[in-house]
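The model is shown first.

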Amino acid sequence: MADPLHEYRQKRDFAATPEPAPAPPAPRRDDVFVVHRHEARQLHYDLRLERDGVLKSWAVPRGFSFDPADKRLAVRTEDHPLEYEHFHGRIPKGQYGAGTMTIWDRGTYSLVKIPDWEEAMQKGELKVVLRGRRLRGEWHLVRTQQAKNSWLLFKSKDRYAGHGRDSALGIDLDGAPIADVPLDAPPMRWGHERGPFRDPDWLFELELPGLRCRIVKHGEQVLATLPLPAAIAADVRGLACERAVVDGVLVALGADGRPDAAATARALQHGDATTAFYTFDLLQWEEYDLRALPLLDRKAALRTLVTTPGRVLFVDHVTGDGEALLRAMHDAGFAAAIGKRADSGYAPGPQLAWHRVVTRAAPTTPTTPATGTAAGRAAPPARFRPSNLGKVYWPAEGFTKGDLIGYYQAVADALLPHLRDRPVHLNRFPDGIDGKSFYQREAKDGTPAWLRTVPIPHDGQLVAHHVIDDLETLLYVANLGSIDLHPWLSRTASLDCPDWAVLDLDPKAAPFAHVVRIARAAGRLLRGIGLRPLLKTSGKNGMHIFVPLAPGYSYEHSRLFTEAVARVLVRELPDIATVERLPDQRDGKVYLDFLQNRRSQTIVPPYAVRPVRGASVSAPLAWDELEAADLSPRRFTMQTMPARLAAHGDLFRKALDDRQDLLPAIAALEAVLRSG
Ligand code: MN
């Protein structure tokens, strides 16, 4: 058999050129392709395909075009040795091909249509699929009759085809390793809030009210951190690539026609068709992890993937002038922009490379004739700045204070109604769950003036209690390190009249399966006496059963009622349930605690995060979830709850309005007790 590299050897003096001399044949893979950028007398590109132990080569004078109509000349040149795959350098003057040779792209290829190389060459029709950093998808090489060795190279009409580009993404992927970006890694978030600014190194995007969502496309498979409406999943499948991981916001319009986070949660719950996915970042493209690349490159790449407007939309930005964007946004009724460093990589959690930019209300200085002074009244601070967002609160998981604040922001719409108008005690962990903690009932000096407090008599003193009515206050107390929150069972206007009766199933060391058995029995019992109880995990290993109360009941009522319930349950399940107050007398049984039904006692609300390993949260459950064999309270965490909430809505919302009468239930219970 003739030496295919005869011509290659003949043209070169290997003592003078740095180009590789052919070595003994390497094991054949027949799937490598490489493109050299060759600055010889005339700049051209050399496309080389590995076949039969050599690199089959074509010189392409005008380079590559992704426009299928743009057919480019490719001149067949001599075969090159396999070692040339890695060659780059300067070929000295006077030598064949003198000039600079750089590797412009490299990857793998496969032959399609005519899979047999000999046959395809004979027909003069090669169709190859290239998998490189720049060249992607299907390409044609077709021999022409016009001149010896003359071929035409052009792009197939596939998902990578497009205009005005010489590479699939149009960006340099040199800093992008081959790696998969996981679906569930924490998203990047803003780490600082400030007023409008201008900086040419920053770009500014609209902050869209909706639900943050990461989506992975892998061929036809689409995975997301929230349940996606089918129309969005279909458009994600249509992105112009095989694989992608994108970050963005699911947005639905509220009743007033504006993007609205609560409307989005409702829309996802009902599979509403009016939702759209606004994407602002590309974390993975094909096999490349792009997170280390500059944001501007990631966005340029993302723009090329979102080719047809539909349910997946590209979030555009302005560069440099954040002030102008804020002015325009303000007129359009949007609250905030996100400023991002144009050269920043993508990192998990709150980062200083992202700032939330808000228009601050101008300080007002009204005169106050009533007091007879002309002195201006200082406007209360409109907001606070979260601090130390990167501080690790859950060392084992690496969750930070920023993650906690981000979580409370995500679930605020569901959580706030359960906190509103109730005195709340804080449980502060300024150094995370393994550090010192303290329980704080009183809103101390230094509490900002804008924060609502309510004075409550306690041991002869008036003690100011926090009240969490709005998102800002919720985030403020989270920023204080209050991981979980402890609202009262009554509201500020009727502190002596609870609107929740609560039975706390507290297992200490008892198995969770026993808690489940008792909860099932409690559900049956309460429904049997005409009530509609609600159920949630405590966030640790216990469960809470709530009965929302009609107005007018006292703590005396709710305590007598829950005590009677507890005693019936202990009678039914004496081996696993107890009302024994002293822990060492409980015999490993689940403690049915009804004593929380007292003024100034508190309960963890639904969705509160607990200061425990795994950052589990108090999760409302549907009663039939108690039947699931794999029910585990630790599965409901700061990471999983937002998606569950989006999928199921607030399973605890009836705690707000399904207010029930206790007197008939108490009478029925007494009858049950007497009958035993
Ligand atoms: Mn060349």
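## A buried aspartate

Asp281 has a relative accessibility of 0% and therefore counts as buried (under 20% relative accessible area, with exposed over 50% and partly exposed in between; 1.4 Å probe, protein chains only). The model is predicted, so local features need pLDDT of at least 70 and side-chain atom pairs count only at pLDDT 80 or more, while totals for chains, interfaces and linings use all residues. Residues are numbered from 1 along each chain as its sequence is written, and side-chain values use heavy atoms, with hydrogens and water left out.

Asp281 lies in strand β15, residues 276-285 (strands are DSSP runs of E, at least two residues, numbered from the N terminus). Its side chain makes a polar contact with that of Arg298 at 2.7 Å (a pair of N or O atoms within 3.5 Å; within protein, one must be able to donate a hydrogen and the other to accept it, and residues adjacent in sequence count only if both atoms are side-chain atoms). Beyond four places in sequence, the residues in contact with Asp281 include Val245, Asp247, Leu302 and Trp354 (heavy atoms within 4.5 Å).

## Manganese site

His38 (ND1), His44 (NE2) and Asp46 (OD) are the protein donors of the manganese ion, at 2.3 to 2.4 Å (donors are N, O and S atoms within 2.8 Å of the metal, or 3.2 Å for Na, K and Ca; water is not among the atoms, so sites may look incomplete). Their spacing along the chain is H-x5-H-x1-D. Both His38 and His44 are buried.

## Open sheet

An open sheet of six strands has the order β31-β32-β28-β30-β29-β33, with mixed pairing (two strands pair if DSSP finds at least two bridges between them). β31 (577-578) and β33 (620-621) are at the edges with a single partner strand each, so one side of each has no neighbour in the sheet.

β31 runs parallel to β32 (residues 590-593), joined by two bridges. Thr578 is opposite Tyr591 in β32.

Terms used. Helices (H or I, at least four residues) and strands (E, at least two) are DSSP runs, numbered from the N terminus.
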